[in-house]
Amino acid sequence: MSIINYAARVINFKVVYYGPGLAGKTANLQNIHQRLPDGNKGKMISLATGDDRTLFFDFLPVSALGVRGFTTRFQLYTVPGQTHYNMTRKLVLRGVDGVVFVADSQWDRLRDNVESYRNLDENLKEYGLNLATIPLVMQYNKRDLDRIAPMDYMEFLLNRGERRVPSFEAVAVDGTGVFDTLNTVSRLVLVKEFGQVQEAGA
Amino acid sequence: MRVHDIVIHEADAVRIDAVLGRFLADSSCAAALLIDRSGQPLAESGVSRTLDTGSIGALAAGAFSATAALARLLGESEFSVLFHEGVRESMHVSTVDDDTILLAIFDERTTVGMVRLFAREASTSIGGILEESRKRPKRVGALAAPLTAEEMRRAGDHRSA
């Protein structure tokens, strides 16, 4: 749910990085935080357990160039991926404008991806949202590892049906695919909010 | 549960600022912050530059929603007030309406009872302003027309340093 503040001339969006435990959601935010210039990012907050697993969420506010005199701000959140933290995942999804689904490409984690995707679908419905219409980007992470499923197979598992969404290969720890993912979900959120002019030849 | 869109038009921002200013004067709080329940800051008063309102909003909304979930486990719809007491600074968090929360930061110059009393008054006023605001169109003026592809690119472009 976007927030437009005409007085402060700011448009706020909330983007949630979703996916199974240890897929690399926090690594995405850490990489964005490391690489963005200071003027375009706020402080990153991680509510994690002692062993660095996300307990509640990670939070990173980032801003882009803006539009028509308004600054566009994106509040990036992650959810805890572990199955038993579903209540917390639901809370973090409140007011979400766009979702990045971070999938773990390793063969032995494919079932976890599918379960997490179904869980996302269920939790979005709690807020009257659904996977068919929400701005969504798939990120197939850990493409640098050995035992990974081919891209076609990842797409077959998680990105088929009537709506095909943009998808990216990624290695979140070294930044591969991280900004492609962020910029794409940002634009999808903007298109959904404002609509895009259909230009001649486009 | 459906979450409503929030728009702060310029005239509403002036009215909300006035309510927050009056709240600070009446309650002797140091700062007040209006946030939506997903953690995004909407308005503030008395906030110094050193206060990281983005982080405070995200964490307070998280704490508030977690507490609301706890309340539901006890059969309550929510706990409408949260109070965090520090050695010097304390924070009072209370419900404005279904979508927004009021945070008040205060020190020993006032008491939690005073803050609670005036926060209730301020919340009623702000709730009324937001209710009126919801009835107005969300996109007006410069934002009324769809974006061009170039505007879209700039508005959503993040680049590494």
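Chain B of this predicted model exposes about 7,900 Å² of accessible surface, 54% of it supplied by carbon and sulfur atoms. For chain A the accessible surface comes to about 8,500 Å², of which 48% belongs to carbon and sulfur atoms. These areas come from the Shrake-Rupley method with a 1.4 Å probe; for residues, only the protein chains shown count as cover.

The model is predicted, and local features need pLDDT of at least 70, side-chain atom pairs count only at pLDDT 80 or more, while totals for chains, interfaces and linings use all residues. Residues are numbered from 1 along each chain as its sequence is written, chains are lettered from A and ligands numbered from 1 in the order in which they are written, and side-chain values use heavy atoms, leaving out hydrogens and water.

Chain A has 5 helices and 8 strands, in the order β-β-α-β-β-β-α-β-α-β-α-β-α from the N terminus. Helices (H or I, at least four residues) and strands (E, at least two) are DSSP runs, numbered from the N terminus. Chain B contains 4 helices and 6 strands, following the pattern β-α-β-β-α-β-β-β-α-α along the sequence.

| Chain | Span of C-alpha trace |
|---|---|
| Chain A | about 50 × 45 × 35 Å |
| Chain B | about 55 × 40 × 35 Å |

Of the 202 residues of chain A, 58% count as buried, and of the 161 residues of chain B, 49% do. Buried means under 20% relative accessible area (1.4 Å probe, protein chains only).

How values were computed: Buried < 20%, exposed > 50% of the residue type's maximum accessible area, 1.4 Å probe, protein only.
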